[in-house]
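Keep the model in view as you read.

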Amino acid sequence: MYGVVLAAGRGTRMRPLTDRRPKPLLPVGDRSLLERVFDAARDVVDAFVVVTGYQGEMIREKLGESYRDRPIHYVEQAEPKGTAHAIAQAEPVVDDRFVVLNGDVLVNPSLPRALVDAGGTAVAATEVADPSSYGVISTAADGTLAEIVEKPADPPTNLANVGCYAFEPDVFEYIDRTPESDRGEYEITTTLELVLDDRTVSVARYEGTWLDVGRPWELLTATEAVLADIEGQHLAGTVEDGVHLHGPVVVEEDARVRSGAYVEGPAVIRAGADVGPNAYIRGSTVVGPDAHVGNAVEVKNSVLMADASVGHQSYVGDSILGRDVNFGAGTNVANLRHDGENVRLTVKDDRVDTGRRKLGVIVGDGAKTGINASLNAGVRLGADERVGLGEVVTRDRVSE
Ligand code: TTP
């Protein structure tokens with residue numbers, strides 16, 4: 001069976017982290033989101049079809065021709081005209097029943113399995129506390145799909161559409177007949193309405209992890225979820241005498257944790273990273289490949305991508321630092337508002353409640369701060385942005 005993975009979106013809500021990479025290549029723990037989607041589907045899938053678009057060449061370069069013995073076919077969606085349009089690009093490759101997964105979700109292998117077992121055309125559904133921001137699924141008396149209503153004010157059920165499906169090859173004929181939606185996209189949920197006119201659609205119930213990684217803080221949530229599954233300590237790199245390791249900690253090959261460092265897991269120090277001396281790393285933190293955390297730096301619940309560097313006597317909390325970010329000595333991140341309210345972040349021009357009391361900064365690749373810079377909670381810095389020495393940054397610096 002083929003697994004079609006949708007990876008063509010622009011990822012605008014994730015900016016600035018998606019300025020220089022497609023969203024599915026964002027790192028979650030020790031591998032990319034896309035590789036985690038592959039891992040979830042690998043049991044039921046013989047080969048993958050990846051629909052690429054925005055910065056698709058990076059995906060081809062990074063993943064190559066196969067993933068853990070499963071061949072990868074790439075197809076191109078020239079414009080992100082919607083999920084149905086994306087799936088249509090797979091038509092030349094797939095010739096049998098297939099599953100569809102988004103390239104930006106964190107799910108367990110039981111999800112693709114449930115779709116396969118459901119038979120025929122199937123949509124995955126999971127119970128959520130507040131379904132009003134999702135596509136909400138109603139079922140008929142026999143448990144098959146009755147209707148999907150997008151973001152209803154008064155949700156008829158608690159079942160959210162996970163956005164993962166199984167299709168018969170005739171879905172391509174239905175996609176051909178799918179009209180444009182109000183927001184100008186060809187959406188697979190509209191296609192499903194056409195299928196429903198002719199036959200039943202199964203609802204595959206799913207109860208495991210389902211994290212849609214669409215906005216910056218959701219990358220922290222996904223990282224927390226993945227790191228929570230680490231058991232024990234795995235120390236392939238160098239851990240100098242006088243380092244204190246507590247809880248689940250991974251130190252990959254060629255990484256070095258210097259004397260006096262105090263690491264409270266879950267934490268992953270990736271290959272080639274250099275931490276300390278006397279650094280304090282608190283969970284859930286990933287210090288990316290070849291990243292550097294200097295003397296007397298505290299990093300808490302944060303993601304440092306490859307080659308990021310945090311200079312001595314800095315504090316980084318609940319933050320994401322892109323590739324090659326450089327924080328000058330004494331850079332301090334605020335991650336809590338004085339009024340104790342949730343931190344808000346700008347997502348596509350809207351100020352959005354992140355649901356987090358603690359959130360620091362989101363920093364695009366290559367950005368740099370001078371010594372003693374102060375960055376307020378919920379600030380985004382664009383790729384290559386420069387913050388001067390001693391500067392206080394209270395507003396986003398991202399060109400939209
Ligand atoms: P979205 O998250 O709706 O879109 P996006 O990834 O472009 O992000 P944003 O809204 O922030 O710009 O897409 C859901 C999934 O479908 C995601 O995995 C990307 C994929 N997709 C395509 O492959 N092609 C498309 O035309 C669209 C709209 C989405």
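This is a predicted model: local features need pLDDT of at least 70, side-chain atom pairs count only at pLDDT 80 or more; totals for chains, interfaces and linings use all residues.

At Ala-8, a backbone N or O atom lies 3.0 Å from a ligand oxygen atom. Gly-11 likewise places a backbone N or O atom 3.2 Å from an oxygen atom of the ligand, and a polar backbone atom of Lys-81 is 3.2 Å from a ligand oxygen. How much of the ligand does the protein bury? On its own the ligand exposes 560 Å², and the protein buries 85% of that area.

Now step back to the whole chain. The protein is divided into two domains: domain 1 covers residues 2–214, and domain 2 covers 226–393. Taken over C-alpha atoms, their centres are separated by 32 Å. Where the two domains meet, 15 residues of domain 1 are in contact with 19 residues of domain 2.

The size of an interface is often given as the accessible area lost when the parts come together. Between domain 1 and domain 2, that buried area is about 1300 Å², with carbon and sulfur atoms giving 64% of it. Which residues of domain 1 lose the most area to domain 2? They are Pro-16, Leu-17 and Arg-20, which together account for 38% of what the domain 1 side buries.

Two salt bridges are found across the interface of domain 1 and domain 2, along with three residue pairs in polar contact. By class, the side of domain 1 that touches domain 2 has six nonpolar, two polar and seven charged residues.

Terms used
Residues are numbered from 1 along each chain as its sequence is written. Side-chain values use heavy atoms; hydrogens and water are left out. Domain bounds come from an automatic or database domain assignment. Contact means heavy atoms within 4.5 Å. Buried area is the accessible area (1.4 Å probe) that two parts lose on being put together, summed over both. A salt bridge is a side-chain nitrogen of Lys or Arg within 4 Å of a carboxyl oxygen of Asp or Glu. A polar contact is a pair of N or O atoms within 3.5 Å; within protein, one must be able to donate a hydrogen and the other to accept it, and residues adjacent in sequence count only if both atoms are side-chain atoms. Ala, Val, Leu, Ile, Met, Phe, Trp, Tyr, Cys and Pro count as nonpolar, Asp, Glu, Lys and Arg as charged, and the others, Gly among them, as polar. Accessible areas come from the Shrake-Rupley method with a 1.4 Å probe; for residues, only the protein chains shown count as cover.
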